[in-house]
Amino acid sequence: MLASVFLIALQAAPDPWNLPIGRPGTVTVQPGELWDLRAGKKTSMDQMIAAAAKRRYVFFGESHATLPHQEMEADIITSLHTAGKKVIVGLEMLTRPTQPVLDRWVSGELDEATFIQDVDWKGQWGFDFDAYRPVFLACQKDKIPMVALNVPRDWVRRVGRSGFAGLTADEKLQLPSTMNLTQAGHRKVFNALMGGHPVSGARGENMYAAQVLWDEGMAHSAITAMQPHQNDPNVVMVVLSGSGHMAYGQGINLRIAMHAGERGLNIAALGVKGTKKVSRGLADFLYVSKD
C-alpha cells in the first residue's frame, strides 16, 4: 500500500523541465542536440554565441560535475573571448571570501594542486574538480577574470533555520536592501525542485527564504562585479550555476533584472538517456547531453 502511494506521489510530482512558465509550447529533445527554444528548433553553436555576444549577461544552468556541461561552458567562454568580447565568469561554486585565491589562479600564480588546497575546493563545492578543469584552464589561459558569486554557506544555513532574522546587521548590508519573496514563478520552480511537496509552515518558508538568499546574493555579487564596466558594452558576464538558479528566467537572472534592469541570455543544459519533452519556457537555448 505504501509503495503504491509513493509511486502515485512520484507520478504526480511536477517535472522541473516541463513547467508552464513563460514561453508556451514544448520540444522533444535527445542527446547531442542544441536547441533555440525561442524559435522551437535545433540550432548551431555559432548562432548561440552570436546571440550571447549581444547581451551583458549570459546564464548557463548546468548539472553539477557533468563533464559535457562544463566543457560546453568552457567552449562558450572561449568562443566569446575569441569573438572579441571582454568576458567575466561568475561562479556559483565558490563563495565571496575565496576571491583573492581565485584572482591568484587567473593570474597564473597558482598551480592546480595549490589552488585546490588554498581555495578549499572540497569544502567549498565538494564535486570533483576534474569536471570543472576545462572552465578553470580556459580562464587561466586567456586571463579571463573569475568572480566568486556565492554568499558564505553559513548564511544560507542560518536563513534556512531562522529566516532573514538569522543574518546579522553587517551581513544584511552586503545584500540587496529588498529580498523579494513574492515571485510566483520563482516559487513554482522551487516547489517543483522540492518534488512538488515542499515543507509547509514556518520551516518551509525559511527554506524558501534560503533559496531567495542564494539567488539574491549571487545576483548582488554579479551586479557589483559588473559596475566598473557599466559603460563598456563589450563586457559580458557568463554566470555558471546549477540549472535551478536560472531555469525559466526565475533565479539569479530574475534578481539581476529586478535590481539592475538587465535581462541576459539563458542557456540550460540537460542530460537525457533517450528523448524528453521540455518546456520552451525553460531557457532561450538548451544543450542536451547524454545522461
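Reply: Start with the largest cavity, which has a volume of about 40 Å³. A cavity is a set of points on a 1 Å grid over the protein atoms alone where a 1.4 Å probe fits but cannot get out. The volume is the space filled by probe spheres set on the points, which are joined across faces, edges and corners. This is a predicted model, in which local features need pLDDT of at least 70, side-chain atom pairs count only at pLDDT 80 or more, and totals for chains, interfaces and linings use all residues. Residues are numbered from 1 along each chain as its sequence is written, and side-chain values use heavy atoms, with hydrogens and water left out.

Me: Which residues line the largest cavity?
Reply: Lining residues have an atom within 4 Å of a point. Here they are His-186, Val-189, Phe-190, Gln-211, Asp-215, Gly-244, Gln-250 and Gly-251. Helix α10 (184-193) gives the most, with three residues; helices are DSSP runs (H or I, at least four residues), numbered from the N terminus.

Me: How are two packed helices described?
Reply: By the angle between their axes and the distance between the axes. Axes are lines fitted to C-alpha atoms over the stretch in contact, with angles from 0 to 180 degrees between N-to-C directions. The axes of α8 (residues 153-162) and α11 come within 6 Å and cross at roughly 150 degrees. That makes α8 roughly antiparallel to α11 (angles over 145 degrees).

Me: Which residues of α8 and α11 make the contact?
Reply: Contact means heavy atoms within 4.5 Å. Among them are Trp-155 and Val-159 of α8, and Leu-213 and Trp-214 of α11.

Methods. 1 Å grid on protein atoms, 1.4 Å probe; cavity = no way out; pocket = protein on both sides within 12 Å on 5 of 7 lines; lining within 4 Å. Helix = DSSP H or I, 4+ residues; strand = E, 2+ residues; numbered from the N terminus. Parallel < 35°, antiparallel > 145°, perpendicular 65-115°, else oblique.
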